[in-house]
Amino acid sequence: MSALIEVKKLFFRYEETEQDKAAPFALNGVDLTIEKGSFVAIVGHNGSGKSTLAKQFNALYYPTTGDVIVDGMNTKDDEHLFDIRKRVGLVLQNPDNQIVAGVVEEDVAFGCENLGVPPEEIRQRVDAALQAVDMYDYRLHSPDKLSGGQKQRVAIAGIMAMEPECIVLDEPTAMLDPQGREEVMAAVRQLNREKGITIILITHYMEEAVLADRVVMMDSGKVFLSGTPQEVFSHTALLKQHRLDVPQVTELCDKLKGCGWEVPACVLNEEECVTALEKLLSADKKGNVPCAVPLTEENKSEAETILSVEGLTLTYGAKTAFEKTALSEVDFAVHKGEFLGIIGHTGSGKSTLVQLLNGLLKPTEGTVSLYGRDIWKEPKKIRSVRFKVGMVFQYPEYQLFEETVYKDIAFGPKNMGLSDAEIDEKVHKAAAFAGLPEELLEKSPFDLSGGEKRRAAIAGVMAMDPDVLILDEPAAGLDPLGRDVLLSQIRDYHAVRKNTVLLVSHSMEDIAKTVDRILVMNRGKKEMLDTTQTVFSHGKALETMGLRVPQITKVMLLLQEKGYPVNTGVLTVEQAFQELLKHMTAQA
Amino acid sequence: MVRDITLGQYLPGKSVIHRLDARAKILMLLAMIVFIFVAGNFVSLSLMTLVSLLVVLLTRIPLTMYLKSMKVILLVVIFTGIINLFYGTGDVLWEWGIIRITQGGIHNAVFVTIRIITLVLISSVLTFTTSPSDLTDAIERLLKPLTVFHIKVHEIAMMMTIALRFIPVLLEETDKIMNAQKARGADMESGGLFRRVKALLPVLIPLFVSSFRRANDLAMAMECRCYNGGNGRTRMKVLHYAWRDLIAALLLLAVFAAVILCNIVGVWS
């Protein structure tokens, strides 16, 4: 293979003003070669310089010192600019912001039109590109009617139509749901394998990185590790030091190996893990074991109910041609002080449900009761319900608006009509719960880093001291360590405040680590409501609803299917490790 | 709610009207608008209305879509209708204080209402049957002569394309931010004008910030796809006039001639 992109001693810093010249380098001496036709994943935490590097590959940024050579052309030479961008296309994170035209096929044609390709040829290229990402049937659709995964595939087609050698994808799946993520990854792999397109994938999802031929790990603007996924992910401890993660199965096998068990060097997926574990478990232990734990009958007397819904139905555009039932006849009760997870694929009605819980939407039928009282009994007092049932939306940082972080957090308490002293106390408490350092309070929210903004926005809801706190995908888009820290802070908040917390998430690993019970939504209906262990032991049923179970639970379910009497109510790597150890020591 | 608006929406199809050249459609629409105003009596106006209805039928777009676009301007129609009711001369039919309804007033009100409805119908035809990019492309080509006066016609057309693309995105975002602020107890439904405007700040500021972020992203995405202004740019769909555009234009000319005739006859009688 020959080199397509060569990065040589690349140093780079953002130099927009004079002061910036004293700033540290964002890229700190990167040397990297990308082979033609390869699939390279670049991983690193937020701020590691990986996105900055991505923008060097197609001359959006130029090196401060050092060189980037694309197919023999230096990105510093202006005359090659369009030749370079023709060869190396870039797909960005936000699917909405990179689509220019109002019709799919016209957007895909945009690049070719800029290059002055003759009309008949553009037509052919556009059709071919749309077929390559499996979006041909949607060519006449308007982009805003598509799902995130579909939009992102349109963006990829827009690059493909320019017939590039290489596509750089800068966290293309960060804002997508699991299904969208799968669609995009499938399209990317297909382009790599079938069309020989070189792929550079910037990501912090380790499950995506393992699909690459080569993984490059970056931190502080430098390349720390580079090699096959097996080589890179065998450095579990080092990756964790650099705020990254490894797949759960890799971590499990690494742990077993640490105790002296014989496990292959690096296990990257569920099948490999099951094969490795089978060798360690004794075959004579096999036998018929009961399948999924039966769902327990809901025991209402056991716990005090804080929030309950009955026959909850919501129909959009009722009595018109566009009638669409988002939620139908949902009944359940939330126990006081519990940590409840809500899962369901996109469109299952979970967002509608949570907006009904705090009175942002009004049910078409059925009731929502807080402390046993219908919240819509006095529609004029609905605001007071919103103070008691706090709601943190997805990407809450987009709601920040005040001059200082302090004022922004105080917005909620102020609307409640509290005195200045009370507000002050609540703001400081909330900031502490959200892990926001005091010195940031007097800063402008727009000067904070992405993670800090998220914390400020969450603090803004916590400051209202709600009895029930609902969080919709609070960790979306954060890097692995950021996600873990935020979740543990929310757990601490729950433990200290002893209030009720509802967590809506697509990440089954996060749900497994955090909640006591899970509510499963499917097609606008309640499908299950039970303890975390019980729900996740129904792996098959969840799969039919477009959901998964955590990777580690999946491994245990696979082992059970093969006849090993392992406990499938395992939710974390540590639990799996203990459980397996029990069976293996018995054998030894 | 905001997403129910059909005015300005494109509905793909293969009707004769869809296939007319976008430039021809714009020019013919302008001519139609002029003649809807030229039509001075009921005979000539109903001729224009009939022609407009015929065009509407030819688009093969469900009439409900036209009715929905009508809904948006319903208030305007009713308002102008009522205002016209009180102005006019002729036999007094009903009187109460200073309010007086005359035969002429009723005549005026009906006339103006039909005129507005016809205008909206025929304008909806253009946006319903022409894709936004054809529309902006056509505007760009029609305005091309203005480049002589250093008017950046391509840039204007590109801005229109982007605006059309992002209107639904920003509407959805507005909805989201409003909900987020309402969840923090923002009260946007009560209070006087000043209070309400002030209550909108928590929505407007994040919306501005996000628009800038989006603009930044979009600029980068456009650069990645070698956008370099209008020079040397080709189009996938090239607009060209066909025989059907000529026929449509000739038919319209005949209609206009009839309208003028009706007007003259109207004046004589």
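## Nonpolar cores

In this predicted model, the largest nonpolar core holds 193 residues. Six members touch the most others: A:Ala157, A:Ile167, A:Ile409, A:Ala459, A:Met462 and A:Ile470.

Neighbours within four places in sequence aside, its contacts are A:Ala430, A:Phe433, A:Ala434, A:Leu469 and A:Tyr493.

## Helix H14 of chain A

Helix H14 of chain A spans residues 405–415 and is mostly covered. Nine of its eleven residues are buried. They are A:Val405, A:Tyr406, A:Asp408, A:Ile409, A:Ala410, A:Phe411, A:Gly412, A:Pro413 and A:Asn415.

After H14(A) comes A:Gly417, with a positive phi near 80°.

## The four-stranded sheet of chain A

Four strands of chain A make an open sheet, ordered E2-E1-E4-E5. Pairing is antiparallel. Strand E2 (27–35) and strand E5 (73–74) are the edges, and each pairs on one side only.

Strand E4 (residues 65–70) meets E5(A) through two antiparallel bridges. Here A:Val70 stands opposite A:Met73.

Helix H1 (residues 50–57) of chain A lies across E1, E2 and E4. Its direction makes an angle of about 125° with E1(A), the strand of residues 3–12.

How values were computed:
Residues are numbered from 1 along each chain as its sequence is written. Chains are lettered from A and ligands numbered from 1 in the order in which they are written. This is a predicted model: local features need pLDDT of at least 70, side-chain atom pairs count only at pLDDT 80 or more; totals for chains, interfaces and linings use all residues. A nonpolar core is a set of buried Ala, Val, Leu, Ile, Met, Phe, Trp, Tyr and Cys residues joined through C-beta atoms within 7 Å. A residue is buried if 20 or more other C-beta atoms lie within 10 Å of its own, exposed if 12 or fewer, and partly exposed in between; C-beta atoms are placed from the backbone. Two residues are in contact if their C-beta atoms, placed from the backbone, lie within 7 Å. Two strands pair if DSSP finds at least two bridges between them. Axes are lines fitted to C-alpha atoms, for helices over the stretch in contact, and angles run from 0 to 180 degrees between N-to-C directions.
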